[in-house]
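Please look over the sequence and the three-dimensional structure shown here before reading the report that follows.

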Number of protein chains: 2
Amino acid sequence: MATYKVEFKPDGKIADVKEGTNIKDAAASVDIVINSPCGGEGTCGKCRVVVKGSNLSIPTEAEERLISSENLKKGHRLACQTKVLGDMEVNVPEDSKIAESKILSDGKGQLVKLHPNISKVYLELDEQTLENQIADLSSLEKNLDLNGGKLVAELDVLYKMSEIIRDSKYKVTAVLDGNTLIDIEPGNTLGKKYGLAVDIGTTSVVCNVVDLNNGSNISVASALNTQGVHGADVISRINYTVENENGLEDLNRRVVQVINQITEYACNEAGVDPNNVYEVTVVGNTTMIHLFLKIPPKYLSLIPYVPVVSDPVETRAYRLNLNVNSNANVYVLPSIAGFVGADTVGVILASDLHKSDTIKLAIDIGTNGELALGSKDKLMTCSCAAGPAFEGAMITHGMRAAPGAIERVELKDKPVCQVIRGGHAIGICGSGLIDVVAEMLKLGIVDSTGRMLSADEVGSKIPDGLKEYLKENDEYGRHLVLDKSNDREVVITQKDVRQVQLAKGAIEAGVNILMKTMGISLDDVSEVLMAGAFGNYIKGENAIQLGLIPKFPLEKVNFIGNAAAAGAKMALMSREARKTAETIAKNTGYMELAVDPDFQNEFMMAMMFPE
Amino acid sequence: MATYKVEFKPDGKIADVKEGTNIKDAAASVDIVINSPCGGEGTCGKCRVVVKGSNLSIPTEAEERLISSENLKKGHRLACQTKVLGDMEVNVPEDSKIAESKILSDGKGQLVKLHPNISKVYLELDEQTLENQIADLSSLEKNLDLNGGKLVAELDVLYKMSEIIRDSKYKVTAVLDGNTLIDIEPGNTLGKKYGLAVDIGTTSVVCNVVDLNNGSNISVASALNTQGVHGADVISRINYTVENENGLEDLNRRVVQVINQITEYACNEAGVDPNNVYEVTVVGNTTMIHLFLKIPPKYLSLIPYVPVVSDPVETRAYRLNLNVNSNANVYVLPSIAGFVGADTVGVILASDLHKSDTIKLAIDIGTNGELALGSKDKLMTCSCAAGPAFEGAMITHGMRAAPGAIERVELKDKPVCQVIRGGHAIGICGSGLIDVVAEMLKLGIVDSTGRMLSADEVGSKIPDGLKEYLKENDEYGRHLVLDKSNDREVVITQKDVRQVQLAKGAIEAGVNILMKTMGISLDDVSEVLMAGAFGNYIKGENAIQLGLIPKFPLEKVNFIGNAAAAGAKMALMSREARKTAETIAKNTGYMELAVDPDFQNEFMMAMMFPE
């Protein structure tokens, strides 16, 4: 089969691809990640590119639906739909690329006593003599207090230990994971003992570097999960592994690559040698954990949605290709169920929900929404398929919280928008979406059924200036123009409002069913904890206005940030916190919303906006 | 640098090598292993080949010393000395190749209660439901009796378990190493549970396949250790790893390859799928163990001769590239000291020496000689640098116990020789060597100082016919012709007798010093146990005649065969036997002969033959 050259502008990267490859895959082959929240299904329209030349497939039905014929003529195409049939040049607009996001990396955790799993011991060994022919490993063992246990060593430590002991004149530092010697270093290196807490989100990955000598968080870095190229949500990713022979390897390689990149960055920033990172803790939803461990996630997407493993998994870094100390102990926190993962365990651990005397509700909004409700007496969780609306997918001009995204909206006599990093707006992200829908509700532009009113219907309820932004046309239907300073308008359409209804409805229905099942009313709840990577950027009153957060006194709503990552840090610093995490995973209940006979009804009702 | 083609006859294999490569290495590159007991030092003359053409280096000093000028003209050269300077054809005589040996693979061990480390459990799992969303691994755990422990799994088992569980309709067999799931198999496979006991000798490797359901030894195979191409003794091998950048990798690859080849052969013979081999036990001298594990053995050859590890090592088969079940548990038995290895622990375990009420002496003759003396009260060991004389090295026409080797000799009116597999004699192996020297001693051809008498000096003590075989010339000095049916005579020279004296002297001195140190006299010893791969082929009375075995009633000398391998099999079948092996390694003393002030004196005296 012929191969062709595809040059990507403005990067200038050139991909050599086989005839018939789609442009998205061609871009991926040279590490240009084109936004593709629908997973290449041709439904989201986010992967728009501009193609020069005619060596390409004719527009598909999806392209004709999502791109105006005028723009099609100009070469606008969907990267996931268009096939390469000859050499070509492709321009990838900024808003079709996955860019660095405004990712919340910090969260409030509980104070833990510093007691990490790994330890370091400085040793001054006796030189061996003919009368005292003790093996190198036995010589170390003799000098260690192992509570009567036997010292065993990772094979590669045995490979190097004889030279290190002699080169350092019998002064060495042993790195131990329990009674297992995972490394040996010349001289006294007690001061260098680091750990890494990893939070793998469907959308973004966060790594914290922690000094295990004092528990301080010395560096943090985050990046988008480049698995996004194969779909924004976990189901698209699972399908990709099922439908593509190397799909699992591909997704695994991507997440490991992202973790390695940001770990290298974070270590560099802090002046830490990655070889001195001996311990890694990992949280994430169950699918992310499976992909990180390269375990097939197939049955997570099929009834009854069972994971392969929900217990904590421990292994060595080299087995996962993580670029830290090759024998670093990797501890993956346990999960609760197929759709309530180690990240939720991290949220509970960090928020102390399992110890609370009073009933609390935790809402973790990521690409999915997970809920935990209860107290030390009983704790239940469930997962709501909120969908990726708040991540920008399925929204006409939705995008992630990247530069150019509208993150705040107020409706005065015209829409007043705040854009990330300033400049022209190129789309709208989750917090902006919540703002604008809440503002439209307040002004009556949207009614409680979610219907958008026309400028005529709205009448005198809104300023005349604003009315001019309320429009209707063939391309968008009824819509509100938020920004027209760019060559493309940024709008919110009736369809977008419906997507917000679906997302918030899923979460609200989850809350309601969970409460009903546990016999808890809103009055019994002492506090609502909002967790999640974008949680802190939400304006609380607008979230309540929407019904995304139950109608609740604002002062009792607390934003606890990226609590999953905070939980991972706790498990990194404390073996006791791991035990607690395991107890939480074991004792926390799980409710499968889909089996509740009231779910459909509740969901329909929850889609209504509060009056 | 130019590369040339070297064609090896009679195999017909062609090596492409760089200019200046020696012929031995060229041969090794196409897996023709040329005998090289001296490790390519040019001292043993065992690697003789016949080269056609003139594209080669001029004869070295070593070649001029070891090859007559007549033969040099005919193209006889030493493969380790001759460099390739152009395309050439090389004929490798059979006696320069390493061939299949007569290796003793069986030994007497103690009966053990069958209690292997790994276990198999057949499970019929509940199908998961929405109401019972239990993870696959947890579903297994629920059905296993782990004494309150938690089930953990090797990562690659997690990769495949979900499909296996469903394909087999929830009927699976779990393979467990303690609480670790090392494999999962569809259906009921309880009947297939095998183990492999490996004995890595300096000269040969033996593998026994054992049915772990009933303890029967169902198959055995052995082969020469192809590390021999880099020297017959452990010191040559260690030096090779020190002097060559990839030396350690090379030796490790070779021994693993041999083990894999004979394991495949043995499994085939027995109709066993190597994936059903879940447990491997390994014995060998300390150097062999280091090389097998790819641990640098350097400091074993330097005072004070310390190993990197003497404790048992446990790891998974995939880490050592063994072609059995990839997660098979590999258990390497512990060593006692730098030169008393896991093989000696195996001998003690198999012979029950550590439990004996009376004092016994075990002599394990391999390439080195190891001794164990004592009873249940106290047991001491030492290592004697006997050298590889009994393996054929350093002996004019010495060879391993391969086809064409003289293995029995009687001196009547002419030498009467028994040749392995019959036919023309091409050399003499260890048992033949012991016979001929013992016979010469009996007849007075050799006196107690080891001096060979001339035909004149012998006078009437020997038959006239035999006298004609006693000769003297420039090439061999004084010598006895054993066979002249071939185009090359097979002889025993004065120098050969000296080598036998050195070898037996080392062992005898070791026995004497060990006895003296422990305050034990020969009268206190109730039994002598002769172990070793070639032990059973020795004629006991001749070994006593020589002084190789102490002057001892022949009925109290017992040949126990390859006891090291028998010990490995015990450890394979029984976890308790492993504990015993560990106790033996811990409690058995070690004497370094080199530090004994009497050693040199004893050694000199022990070189004398008994009157």
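## Basis of the model

This is a predicted model, in which local features need pLDDT of at least 70 and side-chain atom pairs count only at pLDDT 80 or more, while totals for chains, interfaces and linings use all residues. Residues are numbered from 1 along each chain as its sequence is written, and chains are lettered from A and ligands numbered from 1 in the order in which they are written.

Strand β1 (residues 3–9) of chain B pairs with β2(B) in the antiparallel sense over six bridges, where strands are DSSP runs of E with at least two residues, numbered from the N terminus, and pairing requires at least two DSSP bridges between two strands. Within this pair, Lys5(B) stands opposite Asp16(B) of β2(B).

Both strands belong to an open sheet of five strands with mixed pairing, in the order β2-β1-β5-β3-β4 (chain B). Because β2 (13–18) and β4 (76–78) of chain B each have a single partner strand, they stand at the edges, and one side of each is left without a neighbour in the sheet.

Strand β23 (residues 477–483) of chain B is joined to β24(B) by four bridges, and Leu480(B) has Ile492(B) as its bridge partner in β24(B).

Leu482(B) touches, among others, Ile406(B), Val409(B), Val490(B) and Ile492(B), not counting residues up to four places away in sequence; contact here means C-beta atoms, placed from the backbone, within 7 Å.

## Strand β15 of chain A

Strand β15 (residues 329–332) of chain A is covered on both faces, with Asn329(A) and Tyr331(A) buried on one side and Val330(A) and Val332(A) buried on the other. A residue is buried if 20 or more other C-beta atoms, placed from the backbone, lie within 10 Å of its own.

Strand β13 (residues 277–284) of chain A pairs with β15(A) in the parallel sense over four bridges, and Val280(A) has Val330(A) as its bridge partner. Strand β14 (residues 313–316) of chain A, by contrast, runs antiparallel to β15(A) and is joined to it by four bridges, with Tyr331(A) as the bridge partner of Glu314(A).

Note on methods: A residue is buried if 20 or more other C-beta atoms lie within 10 Å of its own, exposed if 12 or fewer, and partly exposed in between; C-beta atoms are placed from the backbone. Two residues are in contact if their C-beta atoms, placed from the backbone, lie within 7 Å.
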